[in-house]
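Subject: Structure handover

Hello,

Here is the structure for you to look at. My notes on it follow below.

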Amino acid sequence: LEKQLEINTFPMDRHQSVTADVVKFLSNTDEEYDLIIVDPPAFAKTLDKRHNAINGYKRLNQLAIGRVAKGGIMMTFSCSQVIDRQLFYDTITSAAIACGRNVRVLGHLSQPGDHPVSLAHPEGAYLKGLVLAVD
């Protein structure tokens with residue numbers, strides 16, 4: 001990130017990089033951010049882990065939504081193939097409701113064209129994301 005910011009001549013005083021356990025970090029700060037990107041590793045690789053994964057996605061996204069400044073943007077992702085697009089969407093909706101924030105979907109994201117999904121294997125569409133406006 002630091003190298004990309006430098007290459008793109010982004011003002012270094014306008015960003016903050018943090019390396020920490022995200023749940024602990026978000027739970028222990030009152031700071032708000034204009035942009036938060038939530039991109040965890042796969043929370044579930046098998047169906048028997050799906051329930052725990054949903055709880056994890058909800059908790060993490062609820063914490064993140066709570067730290068987005070009014071009018072800010074949040075991008076959130078899942079790469080768990082057992083969490084389909086609708087279940088992920090519903091989980092993020094539940095997190096927004098739990099926060100009591102007005103959250104609008106600005107866009108749906110998925111893997112690019114160089115990562116095609118076979119019609120015979122819809123589970124291959126495991127990469128999904130949402131771009132959210134948080135008021």
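The chain exposes about 8,600 Å², and 54% of that comes from carbon and sulfur atoms (Shrake-Rupley method, 1.4 Å probe). Of its 135 residues, 30% count as buried (under 20% relative accessible area, 1.4 Å probe, protein chains only).

Before you go on: this is a predicted model, where local features need pLDDT of at least 70, side-chain atom pairs count only at pLDDT 80 or more, and totals for chains, interfaces and linings use all residues. Residues are numbered from 1 along each chain as its sequence is written, and side-chain values use heavy atoms, leaving out hydrogens and water.

Fold. The chain has four helices and four strands (DSSP runs: H or I of at least four residues, E of at least two, numbered from the N terminus). Their order along the sequence is α-α-β-α-β-α-β-β. The C-alpha trace spans about 50 × 35 × 25 Å along its principal axes.

The largest pocket holds about 900 Å³ of space (1 Å grid over the protein atoms alone, 1.4 Å probe; an open set with protein on both sides within 12 Å along at least five of seven lines; lining residues have an atom within 4 Å of a point; the volume is the space filled by probe spheres set on the points, which are joined across faces, edges and corners). It is lined by 24 residues, and Gln 16, Tyr 33, Leu 35, Ile 36 and Ile 37 are the closest to its centre. β1 gives the most to this lining, six residues. α2 (22–27), β1 (33–38) and α3 (50–67) each supply at least two.

Best wishes

Technical notes. Buried means under 20% relative accessible area, exposed over 50%, partly exposed in between (1.4 Å probe, protein chains only).
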